[in-house]
Amino acid sequence: VKCCEVVNAMVKAELGKPLVLGDLDPGSSDSAAILWLHGFGDSPGGWAAGLQPFRTSVDAKWKWIHLCAPTFVQPCFGNRKFRAWGQFLTQERLRPGSTDYMDNDKEGAYASSVEAVLAELGELERSLPPNRLVIGGFSQGAAIALECALRYPKALAGCIVLAGWARPPVHELLAAAKGKQEISTPFLLCHGESDDMVDVSCAEAAKDMLLESGANVQFHKYPGIQHESCPELLTAVMEFMCNSLHLQIPENVKWENGSDSDSENALVYVSRSRLEPLQNAQGDLGNESIVELLDPAGLAETEILVPAVLQPEQLLSMPPAEAIKVIAEAVGDSTGPEITVKEWRDMHCLCSEASEEAEEEKLSNDDDDSDAEPQEDGQSGQAAESEACSEPPEKRSRREGADGADD
């Protein structure tokens, strides 16, 4: 299991620009780093916003690196490109034995992503010991996080797998580890019992394989939860991170609106060149000024944008002058990397494309379903589900994603 070697990939994963929040304190034993991988078609901002209540409650110097997936063509969507950690061959529900569950990664997309993420872990280890590093992810990102935790040559503080699954290379790694007591990294697996994209049986199978290989595993299922998160899941993530990193668990952390899938928090990119005149404006400001400030679409491609976690709907309900103050404070507190408008557009367009594709597929499938003959349970029904492309791509991501990104 302790092996960094990854099968040679036919395609090369080029990660997008990560979102980095917080920083390390080299002189503090409490310093740690969290490496987080979003889901298919999503961007780093969704989970950064969703985890903000916990992140801002941590009384320690933690660095949060929300990686941005590379882009790969997706065979199940006519070879169109999406931000992803690998390729989906079908749109059927992923379950043990299904096409994507057993995918041998012929093009090497998953393998190249694993290689890129392992390199990120190695870079972090130059600043921190591995027992101060946590890796985690959601859905497709969780599948990559699980494999990376097992391939990394040293034990990590922890690995978090949310609505994920174990890919074939993980099956091989865990089979080889049986009876050897080699796996020291602890694992947290969380999954919604009503997940309609990655069946909960995937998590149960991964849990069983990890336990049989001697790993320390925490496993939680959530009744009624689909391919998304919920306050109970987020609390489990918080407690696991704090316990793994030997930090006191913060009290009274409030997850927005009861479920992060409905959270008002969003990662917004703001132009200082637009913000500063509004801060100095004399006279009344209108809501249109706030709307324009929160939408960089009309700016030149070379304009620099600063990331800030905000609540756009709440801002629009405030007096504009007060909203400007809130935005200015958030921009001033930002520690995330600045990006250009061109980088923002590239990220936004890919995520929007996933969302638009989802709506087209949904409308098409609704029409098809109205004329379709009922299918019996069993293999024929699963084949029909795949051919109908009934599951939209945005449901494969965390449903709160920034810029409307869902997966």
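This is a predicted model: local features need pLDDT of at least 70, side-chain atom pairs count only at pLDDT 80 or more; totals for chains, interfaces and linings use all residues.
**Helix crossing and aromatic pairs**

User: Why is the crossing of α4 and α5 called left-handed?

Analyst: The crossing of α4 and α5 is left-handed because the near helix is turned anticlockwise from the far one by less than a right angle; clockwise would be right-handed. Residues are numbered from 1 along each chain as its sequence is written, and side-chain values use heavy atoms, without hydrogens and water.

User: What makes W36 and W47 a tilted pair?

Analyst: Rings of Phe, Tyr and Trp (its six-membered ring) pair if their centres lie within 6.5 Å; planes under 30 degrees apart are stacked, over 60 edge-to-face, the rest tilted. The W36 and W47 centres are 5.4 Å apart and the planes stand at 45 degrees, so the pair is tilted.

User: Why is the pair of F54 and W62 called edge-to-face?

Analyst: The planes of F54 and W62 are at 85 degrees, with the centres 5.9 Å apart, so the pair is edge-to-face.

User: How do you know whether W36 and W47 are buried or exposed?

Analyst: Buried means under 20% relative accessible area, exposed over 50%, partly exposed in between (1.4 Å probe, protein chains only). W36 is at 1%, so W36 counts as buried. W47 is at 0%, so W47 is buried too. F54 and W62 are both buried.

User: Which residues do ring pairs link into a cluster?

Analyst: F40, F77, F82, F88 and W165.

Methods: Helices (H or I, at least four residues) and strands (E, at least two) are DSSP runs, numbered from the N terminus.
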